[in-house]
Amino acid sequence: MGAITLKGVRKAFGDVVIIPGADLDINNGEFVVFVGPSGCGKSTLLRLIAGLEDVTAGEIIIDGTNVAEVSPAQRGLAMVFQSYALYPHMSVRNNIAFGLKMAGLPKAEIDSKVNTAAATLNLTEYLDRKPRQLSGGQRQRVAIGRAIVRQPKAFLFDEPLSNLDAALRVNMRIEIMQMHQSLGATMIYVTHDQVEAMTMADRIVIMKAGKILQTGSPQQIFERPANLFVATFVGEPQMNIVDATLQRSSGGIVASGAGFELPLDAGVVQRTGLDVNAGRPVKLGIRPEHISIAREVGEVHSTPARMFAFEATGPETLFTLNLGPNLVTVRAPTDATTADIDLADGAVAGLRIDPTWLYIFDAASGETL
């Protein structure tokens, strides 16, 4: 079992509050990712769960028992750090087995657990090598193997892939996900990389300034962000944000701003329950993939904009255009349609914005309306 509950968990260093109060339920066998910008408190919260930091207040409940005052060794958790922390003079076999030997387990049991972990992580042929003879990805697998043999209630990962190059990170993401499926264990994973969060998590916890802003599945977080910060943090390229005012018209509600006027989709109005006051200031959000470039300037339902820059990445092209004073990014497939677009700086193009995917945020609070 590995169910973990946080109740009012608070961490402060004197007058400096790092975690003002965290409440969270993590189900047994769930893969939960803490994500947020550097300094948001995600690693601190993980260390509080592990017992590497003392809580200032609150409860950390593991399988029904409050362990807030229990030592790390007695919590039944295993932690994998950003640094591999391997013993350079020991073989892979002995690195994985070290904790079991310190616990006094019989040699036969140790060998069995080490061999099983090595097979799970494709390390069997490297068991007699030293860490210096391994690649970065292999060393990280050894560190994970050292955690697996302990058969913990939950695995805690603190940015374990940060030291790897891009290709290795992709491979290790897949290996960790496969390991989760095969072990069925609870895993809490800390990262600042929202791509890792979106691709690996059963549930994402978005943090900012020590606070949990939103929890949900990757799809829920992406499609229904709770506020402007979450909306712009999740998604690459990030969501376009423009200032606008809402007004009623004969056809419904219209959002207007510098250089554009957009009628709001009836479904968006119904979903948000908008209570529109004349001239209400808001921020409109639209993801780059929900904007397209019209084949002809002046096309019906298109908004004129001026070309600023473009990035051809192969299968798709990212266009940046000036919509009034705002820079707007458009993500489009690289095909015959984009081949006809005038790419000259300042060239006029028409933007088609899908009104069903408009996000509306309160201009003052940033909360989703």
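Trainee: How do you know whether the crossing of α4 and α5 is left-handed or right-handed?
Mentor: Keep in mind that this is a predicted model. You look at how the near helix is turned from the far one: clockwise, by less than a right angle, counts as right-handed. The crossing of α4 and α5 is right-handed.

Trainee: And what makes α4 and α5 roughly parallel to each other?
Mentor: Set the value against the cut-off. Helix α4 covers residues 136–148 and helix α5 residues 166–183, and they pack at an angle of about 20 degrees. Angles under 35 degrees count as roughly parallel, and therefore α4 and α5 get that description. Their axes lie 11 Å apart.

Trainee: Which residues of the two helices meet?
Mentor: From α4 come Gly137, Gln140, Arg141, Ile144 and Ile148. In α5 they meet Leu168, Met172, Glu175, Ile176, Met179 and Leu183. By class, this contact of α4 with α5 has seven nonpolar, two polar and two charged residues. Gly counts as polar here, while Arg and Glu count as charged.

Trainee: Now the strands. Why are β1 and β4 called a pair?
Mentor: Two strands pair if there are at least two bridges between them. Strand β1 (residues 4–13) and strand β4 (residues 57–62) have five bridges, so they qualify, in the antiparallel sense. Isoleucine 4 stands opposite isoleucine 62 in β4.

Trainee: How many bridges join β1 to β2?
Mentor: Seven bridges join β1 to strand β2 (residues 16–26), and the strands run antiparallel. Phenylalanine 13 stands opposite valine 16 in β2. In this hairpin, also with two residues between the strands, glycine 14 takes a positive phi near 65 degrees.

Trainee: Stepping back, how many helices and strands does the protein have?
Mentor: There are ten helices and 20 strands. The C-alpha atoms fill a box of roughly 80 × 45 × 35 Å along the principal axes.

Trainee: And how much of the protein counts as buried?
Mentor: The cut-off is under 20% relative accessible area. By that rule, 47% of the 369 residues count as buried.

How values were computed. Residues are numbered from 1 along each chain as its sequence is written. This is a predicted model: local features need pLDDT of at least 70, side-chain atom pairs count only at pLDDT 80 or more; totals for chains, interfaces and linings use all residues. Side-chain values use heavy atoms; hydrogens and water are left out. Helices (H or I, at least four residues) and strands (E, at least two) are DSSP runs, numbered from the N terminus. Axes are lines fitted to C-alpha atoms, for helices over the stretch in contact, and angles run from 0 to 180 degrees between N-to-C directions. Angles under 35 degrees count as roughly parallel, over 145 as roughly antiparallel, 65 to 115 as roughly perpendicular and the rest as oblique. Contact means heavy atoms within 4.5 Å. Buried means under 20% relative accessible area, exposed over 50%, partly exposed in between (1.4 Å probe, protein chains only).
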